Amino acid sequence: MSGSTFGKVFQITTYGESHGPAVGVVIQGCPPGIEIDEAMIQEKLNRRRAGQTPGSTTRKEPDCPKILSGVFENKTTGTPIHICVENTDARSRSYEHIAHLFRPGHGDFTYEKKYGIRDYRGGGRASARETVARVAAGAVADLLLKSKGISITSHTLQIGDVCARNYDSAVVGKNPFCCGDMEAAAAMEEQLARVKASQDSLGGVVEIRAEKVPPGLGDPVFDKLDADIAKAMMGIGAVKAVEIGAGTLAAGMKGSENNDQMSDSGFLSNNAGGILAGISNGEPIIVRVYVKPIPSIGKKLSTVTRTGEPAVISVKGRHDICAIPRINPVCESMMALVLADHLLRQNAVAFSSPGFLP
Ligand SMILES: Cc1cc2nc3c(=O)[nH]c(=O)nc-3n(C[C@H](O)[C@H](O)[C@H](O)COP(=O)(O)O)c2cc1C
């Protein structure tokens, strides 16, 4: 009912608000014996952290994860893992001027209608601060996947109207936007500066790839792998659409173009994005996530007060200009959580066929 739990076997429950004392996660179902690399969890959290990129909020949090249970001598014990991250730089006073107003594009109106009470400070539970918990859990899932040779990466395809024209994996880590095209990255930076000066915001597109996923993951008919990935990504704030493989382009193709033909050495193309009939086919899983512009902007917009009177709002405070690339590690984490869950679920299906898992 609560909506804060995700996954069936590798299951996470996140808690915490943007301006509360902490955010965190409880992971259940993680097998024992997984080597916990705290530096790797910290590195993932650092990539999500504010203040690292030109379009990011200046909120400065160290985001140091505290592992409170489930790990002994650097290894998971099979018991619930609790990871807690303190909020240390929340400035709640900067939200007082808009406490009685609904921010257009944010969850203020719908949270108030649903719960009748709302933590206006920083968006409460609708804040991207909650994604700290997902990234911490995703890092543990990632360690589990790595132990089976599966890797997950992401890169930025578009910010605003600037699109990457090339993809060179070697340059993704060499520009602040995680873009595989240095020229596009420079144009993204220039565009962000312009949009920031006009007190506006931007959206964009991120591509996530999972490699070396074994065939067989995904539980038709309601827990198909692509359905669970779409749910995982759509659950991230600001995500408005998810595409797998050829995605929406498939609608305009002929069957002869779209079908991934097969030979004795495997598939000859990957329009399916690594998933057929809701089950992984062994090819790379390719997902694109479409992200809307950040709703909190300085530009004046029409809104209403909590009691319905017309008003004008201009959001000050510290906000991102664009959720990309801070969203990239969040998307990777959600992918890791889905794959870890389905990998463990497939263990049950493959019980009588040894050899499925190495
Ligand atoms: C990494 C990340 C950073 C974000 N930063 C902000 C922000 O600084 N200000 C803001 O208003 N929204 C921000 N958002 C977007 C809101 O969380 C989101 O738009 C809001 O929860 C409403 O949900 P919806 O857009 O899915 O409808 C961010 C989202 C992500 C994923």
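V9 sits in the loop that links β1 (5-6) to β2 (11-16). This is a predicted model, and in it V9 counts as partly exposed, at 35% relative accessibility.

- Setting aside neighbours within four places in sequence, V9 is in contact with Q28, G29, D341, L344 and R345.
- One of those partners, D341, belongs to helix α7, which covers residues 327-349.
- Is D341 buried or exposed? D341 is buried, with a relative accessible area of 4%; the cut-off for buried is under 20%.
- Beyond its neighbours within four places in sequence, D341 is in contact with G7, K8, V9 and F10.

**L145 in helix α3**
- L145 is part of helix α3 (residues 131-146) and is buried, its relative accessible area being 0%.
- Which residues does L145 touch, leaving aside neighbours within four places in sequence? Its contacts are I150, I152, A336, L339, A340 and L343.
- For a sense of distance, take L145 and A251: they are 106 residues apart along the chain, and 33 Å separates their C-alpha atoms.

**Helix α5 and its buried face**
- Helix α5 runs over residues 225-234, and its L225, D228, I229, A232 and M233 are buried.
- Why do the buried residues of α5 line one face of the helix? Looking down the axis of α5, they fall within an arc of 130°, so one face is what they line.
- As background, an α-helix has 3.6 residues a turn, so residues three or four places apart point the same way.

**The ligand site**
- How many residues are around the ligand? There are 15, and A126, K292, S296, H319 and D320 come nearest.
- Sorted by class, the shell around the ligand holds eight nonpolar, four polar and three charged residues.
- S296 places a polar side-chain atom 2.5 Å from an oxygen atom of the ligand.
- H319 has a side-chain N or O atom 3.0 Å from a nitrogen atom of the ligand.
- From A238, a backbone N or O atom lies 3.0 Å from a ligand oxygen atom.
- On its own the ligand has 630 Å² of accessible area, and the protein covers 86% of that.

Note on methods. Residues numbered from 1 in each chain as written. Predicted model: local features only at pLDDT ≥ 70, side-chain atom pairs only at ≥ 80, totals over all residues. Heavy atoms only, no water. Helix = DSSP H or I, 4+ residues; strand = E, 2+ residues; numbered from the N terminus. Buried < 20%, exposed > 50% of the residue type's maximum accessible area, 1.4 Å probe, protein only. Contact = heavy atoms within 4.5 Å. Arc of directions from axis to C-beta. Near = heavy atom within 4 Å. Polar contact = N/O pair within 3.5 Å; in protein donor to acceptor, adjacent residues only side chain to side chain. Areas by Shrake-Rupley, 256 points an atom, 1.4 Å probe, with all protein chains shown as cover. Nonpolar A, V, L, I, M, F, W, Y, C, P; charged D, E, K, R; others polar.
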